[in-house]
Amino acid sequence: MKQVFKRPETLIKTTNHFCPGCHHGTAHRLIAEAIDLFQISDSTVGVAGVGCGVFLYDYLALDVCEAPHGRAPAVATGLKRVHPENIVFTYQGDGDLAAIGMSEIIHTANRGENITVIFINNCVYGMTGGQMAPTTLSGQKTTTSPQGRDYAYDGYPIRMTEMLAALDGVAFAARVAVNKPATLNKAGQAVNKAFEMQINKMGLSFVEILSACPTNWGMTPSESLRRIEAEMIPFYPLGIFKEKK
Amino acid sequence: MQKVIIDEARCKACGYCVSACPKSLIELGDSINQLGYQPAFFLKEREDECTSCALCAQMCPDVLIEVFKEEKNK
Amino acid sequence: MEDRVMLKGSVALAEGALAAGCRYYFGYPITPQNDIPEYLSMHMRDRGGVFIQAESEIASINMLLGAAAAGARTMTSSSGPGISLMQEGLSYMAGSELPCVVVNITRSGPGLGGISATQGDYNQATCGGGHGDYSLIVLAPSSVQEMYDLAIKAFELADKYRNPAMILGDAILGQMKEPVLLVEPKSLSYEKPWALTGAKGRKPQRVKSLYLQDGDMEVHNLKLAAKYRRLAEEDTMVEVDMDDGAEIAVVAFGSCARIVISAVDAAREEGMRVAYVRPITLFPFPSAAIRDVSSRVGKVLTVEMNTGQMVRDVRLAAAPGSEVHLLAKPGGALPTPQLILEEMKKLLRQGAESK
């Protein structure tokens, strides 16, 4: 018998504390697979944002730095400028990156810092108990939009990948999902590509991963997969929006 | 050795593997593990039907599934 | 013949940072400190370092966090409003035990305030400023020479204690020109085995300030507190100049201390016996020196360019039975030596009357 699927080396074997169906575990695996593929675990430093993603260091066997909320791209800039030979990536949720951290991601991308940004978009603030995020969709009930998000009152969701793709400093901008094998496969390819772009010093590489947050959506895990397909993907289209050659 | 090995002690019964398997060879069981969930288990008795596609393992967010494939002698 | 150069305070500070081996500057423009980033935008890069004009002070302090986590000596500079924005980052760096140097060339405030020099950021610098149980190491230069020397000292102390260090200057010190002796520091490096450099040949490490498990936060807080006690024991700096039988002590820091010296000189010429105390580290505050002087002199006049901030620490440290008085000059106005001398005489007369 030949083993055709096993845990990547860089992914620590531990009990996953996240909620059932949470896609952080999947995202961690994709990152670990990319790091194993390019054999860069010795020289990679991760920057964890604030949110459920902060526990990055419990799951990936890498040097990891905690950043204040939203500031991971700035922290990554400092790390990368001191050790340009290291591979540096940030791991951020939708509050961290698209709310409080909006300035840092735009300007870090604008400077073309040679880092990788992994953006977990689950349309809600997870860690803090389910408040509205800049990525929350119309009608979605959250603890701070209990009547459902109303674009006229609450503003519109932000499509980060399209916005960042417009900046010259961005080398790679892709949006993927992990709700079913077909999308999951492409997600893995995009994450690999993002790290490869950094290794080749192309500029900032950005991958937005549409993910489930069953607990704060008030859904079962299976229902949340259906929501990604039926609601999220139509609003946040999948694809590679920019790829410098 | 089984084709699909699930770490049932750590399973949180999200059900992604169950819906991923094209042959419906994984189900959520009745037993309760230490974490308090009723973990997924592989239907050993139907192992012959498993093609080792590993979609179950790919979909598991906790990376609890190992998949093996029979090597055909050429 | 040693190198003595005529330099502006801000430039002397920048040169001190370079002499200390700082090769990473991240900052944002704000009056009255722009000489520092402007000088370093050329000279940092000339010496093989990195200069980034960041998008904000928030981004700046976080770039410092990353560079410090990577093991580098790194610096930013700003003024009051920008330092306010950096408080979160400073708290995180203190909690994560990261070294860095932050320069405040103080203007007036609160709010947008004005651009002339005050000492109104004393509280912000010494009483945390950011959230949680931590302190900054705070150094207060009083001359262009000290802008150079204390810049070097700040990097050493930051590395020694793994804590952010602040240089609390002001617009006067930043702009004035004096001769400076550019002494190369003796030792430049501290081992930083904790730095994040990629986990080659060792276990992965983390730089963090999150402590969620029961009891862990208390252990960490007590560890930091012990560090600050050691800092106070080993690295408090103060200048004391006391006449025998001194009847009054004057306490001041920074540029205000320069004006006080003129008043003290004038007082001595008139036959007064005076003590002069100039805190150089504002944190750790030289409480022992204040207690000692106040126990022998009895009357203490604090002169500062704000509405009364350092005077609180002077009062806390002063010996029982001593009197602490305040001459406050806020808003960018400067006390004159005459004003200070008159205040000293008034206090001495009051004492004589009440006897």
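**Charges over rings**

I started with W217(A) and found R227(A) lying over its face, 4.5 Å from the ring centre. I keep in mind that this is a predicted model. I then looked up K208(C): its charged end sits over the ring of Y211(C), at 4.2 Å from the centre.

**Aromatic pairs**

Next I checked the rings, and over all chains the structure holds eight aromatic pairs. One of them is Y228(C) with F283(C): the centres are 6.0 Å apart and the planes stand at 90 degrees, so I noted the pair as edge-to-face. Y228(C) belongs to helix 9 (residues 216-235) of chain C and F283(C) to strand 13 (residues 281-283) of chain C, so this pair ties together parts that are 55 residues apart in sequence. I also looked up their accessibility: Y228(C) counts as buried at 11%, and F283(C) counts as buried at 19%, the cut-off being under 20%.

**Strand 7 of chain A**

How many residues of strand 7 (residues 204-210) of chain A are buried? I found seven of its seven. Both faces are covered, with L204(A), F206(A), E208(A) and L210(A) on one side and S205(A), V207(A) and I209(A) on the other.

Which strands pair with strand 7 of chain A? Strand 5 (residues 116-121) of chain A runs parallel to strand 7 and is joined to it by six bridges; here F119(A) has E208(A) as its bridge partner.

Terms used: Residues are numbered from 1 along each chain as its sequence is written. Chains are lettered from A and ligands numbered from 1 in the order in which they are written. This is a predicted model: local features need pLDDT of at least 70, side-chain atom pairs count only at pLDDT 80 or more; totals for chains, interfaces and linings use all residues. Side-chain values use heavy atoms; hydrogens and water are left out. Rings of Phe, Tyr and Trp (its six-membered ring) pair if their centres lie within 6.5 Å; planes under 30 degrees apart count as stacked, over 60 as edge-to-face and the rest as tilted. Helices (H or I, at least four residues) and strands (E, at least two) are DSSP runs, numbered from the N terminus. Buried means under 20% relative accessible area, exposed over 50%, partly exposed in between (1.4 Å probe, protein chains only). A charge sits over a ring if NZ of Lys or CZ of Arg is within 6 Å of the ring centre and within 35 degrees of the ring normal. Two strands pair if DSSP finds at least two bridges between them.
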